[in-house]
Amino acid sequence: MRGMDVNVEGYVHSVETGGAVDGPGLRFVVFLTGCALRCLYCHNPDTWHMPDGKKTGVASLLNEIAEYRDFLQRTGGGVTVTGGEPLAQPEFVTALFQGCKALGLHTALDTSGFLGANATDALLAATDLVLLDIKSFGPETYKRLTGGNLAPTLRFAERLSAMGRPVWLRYVLVPGVTDDLKSIEALAAYASRLGMAKVEVLPFHKMGESKWEALDLPYTLKNTQPPSAALVAKVKDIFVGHGLKTV
Ligand code: SF4
């Protein structure tokens with residue numbers, strides 16, 4: 001593809017083939033290292049530091065992806081980049097997605113949007129779908145939950161909307177942290193106004209806890225339980241009530 005740089009290298013934590021939860025169809029999922037946030041429920045704290053990843057050339061990763069092309073295409077799937085925070089390595093994501101498009105593969109970017117300013121128009125032009133994690137719609141809760149500010153994510157969401165890029169909103173429902181129904185109502189209205197295509201409500205679970213322990217990090221959600229099925233249904237209803245489809 002014109003302008004594509006196959007010499008770019010990035011820091012990759014791992015890859016997974018056949019992922020079924022990060023975008024449509026079956027996905028080749030690339031986990032990159034590096035993240036500026038510190039979400040209390042992070043499943044992958046082992047991806048936080050970029051140099052902990054394996055330095056990988058985009059060309060070799062594309063060769064690996066090419067082996068799965070037919071399989072991914074048959075399932076209506078493609079390639080998803082997650083992490084960590086993929087926008088910590090925007091040049092790598094740009095080259096990788098441009099290469100995927102040259103292979104005829106659908107591309108999805110799973111991001112918190114906190115580093116949305118790093119996403120160039122070229123990167124977004126090669127991105128078919130953004131899985132945007134808006135972790136809370138309340139600036140104070142966002143700060144408490146992630147250590148960062150909400151505003152950059154909202155600026156990114158508004159830019160994607162203005163560009164007409166397809167977005168699926170992701171919302172992790174954590175009892176006692178992100179279960180304020182008024183805030184969810186306001187987020188649903190916002191997502192609807194921005195024309196987001198779908199919303200995925202993800203019930204909090206403690207899958208990452210053992211990784212926190214292994215890294216000797218304090219896991220403060222130890223006593224937090226997953227949300228009840230009734231609460232998850234109620235939150236989904238709020239989004240549906242604003243005209244959004246749930247995944
Ligand atoms: S943005 Fe993602 S990778 Fe970064 S701390 Fe939060 S959950 Fe973990």
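Q: Which residues does valine 199 touch, not counting residues up to four places away in sequence?
A: Two residues are in contact if their C-beta atoms, placed from the backbone, lie within 7 Å. With residues up to four places away in sequence left out, valine 199 touches Trp168, Leu169, Tyr171, Ala191, Phe239, Leu244 and Thr246. Residues are numbered from 1 along each chain as its sequence is written. This is a predicted model, in which local features need pLDDT of at least 70 and side-chain atom pairs count only at pLDDT 80 or more, while totals for chains, interfaces and linings use all residues.

Q: Which residues of the largest nonpolar core touch the most other members?
A: In soluble globular proteins, nonpolar side chains tend to be buried together. A nonpolar core is a set of buried Ala, Val, Leu, Ile, Met, Phe, Trp, Tyr and Cys residues joined through C-beta atoms within 7 Å, and a residue is buried if 20 or more other C-beta atoms lie within 10 Å of its own, exposed if 12 or fewer, and partly exposed in between. Here the largest such core has 64 residues, among which Val30, Leu96, Leu169 and Val199 touch the most other members. Helix 3 (residues 90-102) gives the most to this core, with six residues; helices (H or I, at least four residues) and strands (E, at least two) are DSSP runs numbered from the N terminus.

Q: At what angle do helix 7 and helix 9 pack?
A: Two packed helices are described by the angle between their axes and the distance between the axes. Axes are lines fitted to C-alpha atoms, for helices over the stretch in contact, and angles run from 0 to 180 degrees between N-to-C directions. Helix 7 (residues 181-193) and helix 9 (residues 229-241) pack at about 30°, with axes 8 Å apart. Leu181, Ile184, Glu185 and Ala188 in helix 7 meet Val235, Ile238 and Phe239 in helix 9, and by class this contact has six nonpolar, no polar and one charged residues. Ala, Val, Leu, Ile, Met, Phe, Trp, Tyr, Cys and Pro count as nonpolar, Asp, Glu, Lys and Arg as charged, and the others, Gly among them, as polar.

Q: Where do helix 1 and helix 3 make their contact?
A: The axes of helix 1 (residues 58-66) and helix 3 come within 10 Å and cross at roughly 35°. On the side of helix 1, the contact is made by Val58, Leu61, Leu62 and Ile65, and on the side of helix 3 by Phe92, Ala95, Leu96, Gly99 and Cys100. These residues divide into eight nonpolar, one polar and no charged.

Q: Which residues are around the ligand?
A: A residue is near a molecule if its C-beta atom, placed from the backbone, lies within 6 Å of it. The residues around the ligand are Cys35, Leu37, Arg38, Cys39, Cys42, Asn44, Thr47, Gly83, Gly84, Glu85, Ser112 and Thr146, and by class this shell has four nonpolar, six polar and two charged residues. The peptide bond from glycine 83 to glycine 84 is cis, with omega near 10°, and glycine 84 is found in the loop between strand 4 (78-82) and helix 3.

Q: Is aspartate 216 buried or exposed?
A: Aspartate 216 is exposed, with 6 other C-beta atoms within 10 Å. This residue lies in the loop between helix 8 (209-214) and helix 9, and it has a positive phi of about 60° although it is not a glycine.

Q: What does leucine 231 touch, not counting residues up to four places away in sequence?
A: Leucine 231, which lies in helix 9, touches Leu173 and Asp179 with those residues left out. Leucine 231 counts as partly exposed because it has 16 C-beta neighbours inside 10 Å.
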